[in-house]
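Me: Please take a close look at the aromatic rings in this model. Which rings pair up, and where do they sit?

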Amino acid sequence: MSCDQCLRLISGTPIKLPADLKRAIKKADEAVKKGVLKYEGAGQLGEPFEELTRGSHWGDIVDNYFSCTSCGQKFNLHAETYHGAGGAFEKIACIKETLQGDTYGT
């Protein structure tokens, strides 16, 4: 269901190292600021995306959701940082949890 706008932006970006997570956060932040993505909220275990964009640190779990402003495709930026299990910035079929709202991107 992805359109050209969001497919080029995110094509399953793997996160294996802290530098990968920093790049994925920056990519999502830029996409929201350009109006390509809309921030939907943080997962129950994640912290609000606005805190991640400040660049100081992140918690044990990164779990944030976005949607394409053009086609509605959903995306999840997720990583388990405590054990270094990694994660991804990838498209998903739907959001399956109740999100924590914040005002980032509004």
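Reply: Start with Phe49. Phe49 is buried, because its relative accessibility is 0% (buried means under 20% relative accessible area, exposed over 50%, partly exposed in between, with a 1.4 Å probe and protein chains only). This is a predicted model, where local features need pLDDT of at least 70, side-chain atom pairs count only at pLDDT 80 or more, and totals for chains, interfaces and linings use all residues. Residues are numbered from 1 along each chain as its sequence is written, and side-chain values use heavy atoms, with hydrogens and water left out.

Now the pairs. The structure holds five aromatic pairs (ring centres of Phe, Tyr or Trp, the last by its six-membered ring, within 6.5 Å; planes under 30 degrees apart are stacked, over 60 edge-to-face, the rest tilted). One of them joins Phe49 and Phe66, edge-to-face, at 5.1 Å centre to centre and 85° between the planes. Phe49 sits in helix H3 (residues 49–53) and Phe66 in strand E3 (residues 61–68), so this pair ties together parts 17 residues apart in sequence. Helices (H or I, at least four residues) and strands (E, at least two) are DSSP runs, numbered from the N terminus.

Phe66 is also buried, at 0% relative accessibility. Phe66 pairs with Phe89 as well, edge-to-face, at 5.8 Å centre to centre and 65° between the planes. Phe89 lies in strand E5 (residues 86–92) and Phe66 in strand E3, so the pair ties together parts 23 residues apart in sequence. Phe89 counts as buried too, at 0% relative accessibility.

Finally, the cluster. Tyr39, Phe49, Phe66, Phe75 and Phe89 form one aromatic cluster.
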